[in-house]
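This briefing is for a reader new to the structure.

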Amino acid sequence: MMARIFKHREALLFVAILMLVGAIELRFPGFVAPRNLVSIYNDTAILIILALGQAAVILSRGIDLSIAANLALSGTIAALLNVAFPDLPVIFLLVAAVISGSVLGAINGLLVWRLSIPPIVVTLGTMTIYRGTIFLLTGGAWVNAHEMTDAFKAVPRAVFLGIPVLAWFSLAVIVVMMAVLVMTRLGRAFYAVGGNPHAAVYTGISVGRTHFFAYLVAGALAGLAGYLWTARYAVAYVDIANGFELDVVAACVIGGISIAGGAGTAIGAVLGALFLGIIKNALPVIDVSPFWQMAISGTVIIIAVAVNARSSRVKGRVILKKAEHAL
Amino acid sequence: MSVSETRFVPDRLHGRAHRMARSWESLLVVVVVAIFIVNSFASPYFLDAWNLSDATFNFTEKALIAFAMALVIISGEIDLSVAAIIALASTAMGFAAQFGMGTPELVAIGLGVGLLCGAFNGFLITGLGLPSIVVTIGTMSLFRGLSYVVLGDKAFTGYPSDFAYFGQGYVFWVISFEFVLFAVMAVLFGILLHLTSFGRMVYAIGNNATAARFSGIRVGRVKFLLFLMTGAMSGMAAICLTSRLGSTRPSIAFGWELEIVTMVVLGGINILGGAGTIIGVVLAAFIMGLVTFGFGLMNVPGIVMSIFIGLLLIGVIALPVLYTRIARRFRRGEAQ
């Protein structure tokens, strides 16, 4: 029974998270208070949303390094619209951010699909282009809290049933993405294309189109996260979420999503993001200097990858025993 | 990573001149010349020996790492931790300088930390068989995190005065030490990749690691050496950069890893492994340096320059694909 549970990577990660939380609770009683847990979840919500988008891309054997730049550009667009048209209802700005994110994701997708440029090259290029575009839009100036309308800033902070709306958004995204990955044809196509693109072609799946939709999904989620980020932190400028793309990839990898594509679950990505989020939130609480944060999350990533790879190493058929040992 | 793995296989049907004219490197030469001409028209200050010499600082340090990165990418791996290695090596040198160590010791420490970091990456990737993109994302946080642990929000200064030579010294009147180092390394890496059996092994591994393994190449050992090389070159870049800036902060060289990968890919190294040349990387380094410098002279902010680099990267890679597609359509039209 226990052995069966430990074979499930998600269960293993869940146990690790429980142990982590337990250890922190021992050192600092009160950490597990519902209110504190909600606030930690809330702080991690944006990472969860992005990790789910990145998961779709990595599952189909791609990578999206432009996801944080997309967040920044879409968020800036929403903020600038808010400044230019203060009377526009927030729902329009939210939709505008999602549309902008989807368009930026679609650009990635089209470049990967139509021009068959490797995903890492495409998103490396669009990452700098999207960040540069923010500069062109804002002239390098910040969009500050006092320029944004109160309604714009209020949405992610509003509390519904004791939980902030920001957290509700991420819960909704989790449910939708789990459904998409498990129950829809598109979700199965992500796995099929990532697992074996050549086989996917023979089952009638268009590999390029699947890539396109993966980037579209990631882009739309980045757009949503963009609005939530700018509204929550009430600021938009060129460098918001700089370097966040690697946190997002790390969350997916910790969650057991194989970087080679085809393996992993939505719940894994969520748990991976939570694991990183808890560590980041717990360090100040247990009196570890914030300067340790990067070193610790780096160590966690390496350990997680090592554990994941150990349990899922695909052993090829060895036909030349001697040659195999010589390596 | 992508399904349609286009490799730059030389076209045997055409003659040598025809092949050269259509090669990636000649395309890059055209781009370099074009940027050079545009620059010299755009700013009256551009064509000045001292200015041009200063312009080399925009790419020499990154290019040093790009040479080693080119080999790593040709072998089908990637190293995203190089900028973090610079930070850690620079921090170690700064720490040592606080105890009054001399220049030779500092250089040894810089290179040593680079080699250690490279060995750590190499062990995780070849020893444990983990994917390099993920490992180096992890070690990137780890190495830079260690610099933050040591430095906090402070900076190390107070390097010995002769240490400044590496980043500020000139060998031949206007030609900087860094540029000479860049040229020497370009030749060394060119020889290593194109004229030695080690270089052929790197290509073989990138094209088909399993086939390489069964033809007797010690894949793990070669890859380990490659990561050792990126580590050592990062250490060397750290010495130059630290010496040029005269101080160490934990955020030193932030974001360089992606610029270096961009340089390598722009230089015609196939990101999927197995193809590319060092001369391409040299040209790409010149392109990126000249663009940065030209835009700087015209007071264009760095971030706008990065748009241009991004467009250049995608455009240059898309061009051959578009070209073959249009040519095919054209030929089909002729046949009918």
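At what angle do the axes of helix α9 (residues 177–195) of chain B and helix α12 (residues 219–245) of chain B cross? They cross at roughly 170° and come within 12 Å. The model is predicted, with local features needing pLDDT of at least 70 and side-chain atom pairs counting only at pLDDT 80 or more, while totals for chains, interfaces and linings use all residues. Residues are numbered from 1 along each chain as its sequence is written, chains are lettered from A in the order in which they are written, and side-chain values use heavy atoms, with hydrogens and water left out.

**Helices α9 and α12 of chain B**

- The angle makes α9(B) roughly antiparallel to α12(B); angles over 145 degrees count as roughly antiparallel, under 35 as roughly parallel, 65 to 115 as roughly perpendicular and the rest as oblique.
- Axes are lines fitted to C-alpha atoms, for helices over the stretch in contact, and angles run from 0 to 180 degrees between N-to-C directions.
- Helices are DSSP runs (H or I, at least four residues), numbered from the N terminus.
- On the α9(B) side the contact (heavy atoms within 4.5 Å) is made by Glu178(B), Leu181(B), Met185(B), Phe189(B) and Leu192(B), and on the α12(B) side by Met229(B), Met233(B), Met236(B), Cys240(B) and Arg244(B).
- This contact has eight nonpolar, no polar and two charged residues; Ala, Val, Leu, Ile, Met, Phe, Trp, Tyr, Cys and Pro count as nonpolar, Asp, Glu, Lys and Arg as charged, and the others, Gly among them, as polar.

**Helices α4 and α13 of chain B**

- Helix α4 (residues 60–74) of chain B packs against helix α13 (residues 256–266) of chain B at about 65°, with the axes 9 Å apart.
- The two helices, α4(B) and α13(B), are therefore roughly perpendicular to each other.
- Residues of the contact between α4(B) and α13(B) divide into eleven nonpolar, no polar and three charged.

**Helices α5 and α7 of chain B**

- Helix α5 (residues 82–98) of chain B and helix α7 (residues 132–151) of chain B have axes 8 Å apart and pack at an angle of about 25°.
- Accordingly, α5(B) and α7(B) are roughly parallel to each other.
- Contact residues include Leu88(B) and Phe95(B) of α5(B), and Phe143(B) and Leu146(B) of α7(B).
- By class, the contact of α5(B) with α7(B) has eleven nonpolar, two polar and one charged residues.

**Interface of chains A and B**

- In this interface, 52 residues of chain A are in contact with 53 residues of chain B.
- About 4,400 Å² is buried between the chains, 83% of it on carbon and sulfur atoms; buried area is the accessible area (1.4 Å probe) that two parts lose on being put together, summed over both.

**Salt bridges**

- Over all chains there are six salt bridges, each a side-chain nitrogen of Lys or Arg within 4 Å of a carboxyl oxygen of Asp or Glu.
- Between chain A and chain B the count is zero.
- Asp43(A) and Arg232(A) form a salt bridge through their side chains (2.7 Å, N to O).
- This pair links distant parts of the chain, 189 residues apart: Asp43(A) lies in helix α3 (residues 34–59) of chain A and Arg232(A) in helix α11 (residues 207–233) of chain A.
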